[in-house]
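Morning, everyone. Please have the model open on your screens while I talk.

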Amino acid sequence: MTAASPSPERSVRVPLGLLGAGLTATAYVGAVDPNRPGHYPVCPFLALTGWWCPGCGGLRAVHALTRGDLGTALHDNVLVVALCGFTASFWTLWALRALRGRPRPALRMGRPWWVAAAVLVLAFTLVRNLPTGTFLAP
């Protein structure tokens, strides 16, 4: 006896729900300017160390993206912009597969991918805090 696969309408609920949550959060960041103090907490890593963390400037980058200002977004945090692009691409693939009744795409990242991602994030953090890497600082 095999279990019936869920209908495309049912299987698309999760990606649509996540899209709604993501759009709601993005709309809030688009409406409430992170460049104005008092609306968002200060980064604890920055407050403790004085260094920009890999996420510093991420809210400003998303805010700039909601305004269509890719240049400012890339300046504020290039990693967040890349992550937004990856997330949008993955979500689109997932939603299309769900509409066709196919399983969601698998993200199988082995140890080499995790190590490479960690090295990239650490290098980004280090470089943006060096005098020669001020172009990466928000």
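Some ground rules. This is a predicted model: local features need pLDDT of at least 70, side-chain atom pairs count only at pLDDT 80 or more, and totals for chains, interfaces and linings use all residues. Residues are numbered from 1 along each chain as its sequence is written, and side-chain values use heavy atoms, with hydrogens and water left out.

Helix pair. Take helix α2, residues 13-31, and helix α6, residues 78-99. Helices here are DSSP runs of H or I, at least four residues, numbered from the N terminus. The two axes come within 9 Å and cross at roughly 145 degrees. Axes are lines fitted to C-alpha atoms over the stretch in contact, and angles run from 0 to 180 degrees between N-to-C directions. The crossing of α2 past α6 is left-handed, meaning the near helix is turned anticlockwise from the far one by less than a right angle.

Which residues make the contact? From α2, they are Val-14, Pro-15, Leu-16, Leu-18 and Leu-19. From α6, they are Trp-91, Trp-94, Ala-95 and Ala-98. Contact means heavy atoms within 4.5 Å.

Now helix α4, residues 58-66. Gly-58, Ala-61, Val-62, His-63 and Ala-64 are buried there. Buried means under 20% relative accessible area, exposed over 50%, partly exposed in between, with a 1.4 Å probe and protein chains only. The buried residues of α4 pack against α2, α5 and α6. After α4 comes Gly-68, with a positive phi near 80 degrees.

On to Asp-76, in helix α5, residues 70-76. Asp-76 is buried, yet has no salt bridge. That term needs a side-chain nitrogen of Lys or Arg within 4 Å of a carboxyl oxygen of Asp or Glu. Arg-60 is the nearest side chain of opposite charge, 4.5 Å away. Beyond four places in sequence, Asp-76 contacts Cys-56, Gly-57, Arg-60, Ala-61, Arg-128 and Pro-138.

Next, Asp-33, in the loop between α2 and α3. Is Asp-33 exposed, partly exposed or buried? Asp-33 has a relative accessible area of 23%, so it counts as partly exposed. Leaving out neighbours within four places, Asp-33 contacts His-39, Tyr-40 and His-63.

Last, Arg-97, in helix α6. Arg-97 counts as buried because its relative accessibility is 18%. Not counting residues up to four places away, Arg-97 touches Arg-102, Pro-103, Arg-104 and Pro-105.

Note on methods:
Helix = DSSP H or I, 4+ residues; strand = E, 2+ residues; numbered from the N terminus. Lys, Arg positive; Asp, Glu negative; His and termini not counted.
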